[in-house]
Amino acid sequence: MKQENVIESKGLTKMFGDFTAVDKITFEVKKGEIFGFLGANGAGKTTAMKMLIGISIPTSGEAKVAGYNVFTHAEDIKKNIGYMSQKFALYDDLTVRENITFFGGIYGLKRSEIKIKSEQLINELGLQDVAKDLVGSLPLGWKQKIAFSVALLHEPKIIFLDEPTGGVDPITRRQFWEMIYKTAHNGTTVFVTTHYMDEAEYCDRVSIMVNGKIEALDTPTKLKEQFQVDTMNDVFLKLARG
Ligand code: ATP
């Protein structure tokens with residue numbers, strides 16, 4: 001059975017004046033796949049992701065995300081995806097429970113649903129003792145794990161993670177990736193950017209962007225074979241750093 005594509009991009013391009021930040025990128029991402037979106041600083045990852053989440057209009061090309069066209073149905077895309085980054089996560093001056101309630105409301109959940117989901121989230125993450133604490137008082141790793149769960153409250157088809165584990169310790173990163181596996185296993189697609197090459201190894205498939213173009217796209221095993229190296233770090237160095 002052919003698996004459903006939740007992202008389809010064909011020749012997607014973004015220009016800023018004469019400068020091409022994203023240059024005709026073509027790729028597909030399947031339901032439940034963990035898709036790593038790699039590239040050196042300035043390669044065009046954030047610009048590409050902004051087009052895919054419906055907040056930046058492409059200059060040309062085509063893309064469908066969660067079945068919706070990025071040109072004509074950006075609002076529907078926003079309702080069907082989750083997003084978190086290192087910079088955009090939770091409100092530090094709200095408690096854990098208040099953050100869940102607040103974002104649940106933004107995502108259009110009913111009061112009764114928010115109540116049930118808050119309890120689930122707090123129990124699953126073992127947050128009973130800190131539910132009334134301000135998020136700002138928690139360690140970064142905890143914040144990121146909560147932010148990830150909050151971005152899944154409305155059961156989106158895809159979650160976009162922009163460097164979600166930046167600055168987080170290795171043990172917490174490992175726990176974060178266990179949450180990613182579980183999410184993908186439940187059928188939610190995970191689209192993740194990272195600068196950690198051990199994390200690239202955990203993805204089902206990885207694309208590597210260089211100067212706005214996707215220069216490689218395959219499973220970590222096949223990419224290592226293709227570039228005749230032993231690690232994704234070496235693949236990245238060969239490609240992204242020339
Ligand atoms: P990083 O890993 O540092 O986040 P990135 O791969 O996400 O990098 P982008 O932020 O997408 O890269 O930037 C790609 C290129 O587009 C860069 O050269 C950047 O300066 C340029 N760029 C991004 N946004 C704009 C803008 N609004 N106007 C002009 N140029 C821009």
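Strand 2, residues 19-30, and helix 1, residues 45-52, each supply at least two residues of the shell around the ligand. Please keep in mind that this is a predicted model. Helix 1 gives the largest share of that shell, with 3 residues. Around the ligand there are 13 residues, of which Gly 42, Gly 44, Lys 45, Thr 46 and Thr 47 come nearest.

The side chain of Thr 46 places an N or O atom 2.6 Å from an oxygen atom of the ligand. For the side chain of Asn 41, the corresponding distance to a ligand oxygen is 3.0 Å. Ala 43 takes part through its backbone, with an N or O atom 3.1 Å from an oxygen of the ligand. The ligand taken alone exposes 630 Å², and the protein buries 58% of that.

I now move to the aromatic residues. The whole structure contains 13 aromatic pairs. In one of them, Phe 37 and Phe 191, the ring centres are 4.8 Å apart and the planes stand at 45°, so the pair is tilted. Phe 37 belongs to strand 3 and Phe 191 to strand 8, so this pair ties together parts that are 154 residues apart in sequence. Phe 37 is buried, at 0% relative accessible area, and Phe 191 is likewise buried, at 0%.

Finally, two arginines lie over ring faces: Arg 173 over Tyr 196, at 3.8 Å from the ring centre, and Arg 174 over Tyr 202, at 4.9 Å.

Methods
Residues numbered from 1 in each chain as written. Predicted model: local features only at pLDDT ≥ 70, side-chain atom pairs only at ≥ 80, totals over all residues. Heavy atoms only, no water. Near = heavy atom within 4 Å. Polar contact = N/O pair within 3.5 Å; in protein donor to acceptor, adjacent residues only side chain to side chain. Areas by Shrake-Rupley, 256 points an atom, 1.4 Å probe, with all protein chains shown as cover. Helix = DSSP H or I, 4+ residues; strand = E, 2+ residues; numbered from the N terminus. Phe/Tyr/Trp six-rings, centres within 6.5 Å; stacked < 30°, edge-to-face > 60°. Buried < 20%, exposed > 50% of the residue type's maximum accessible area, 1.4 Å probe, protein only. Lys NZ or Arg CZ within 6 Å of the ring centre and 35° of its normal.
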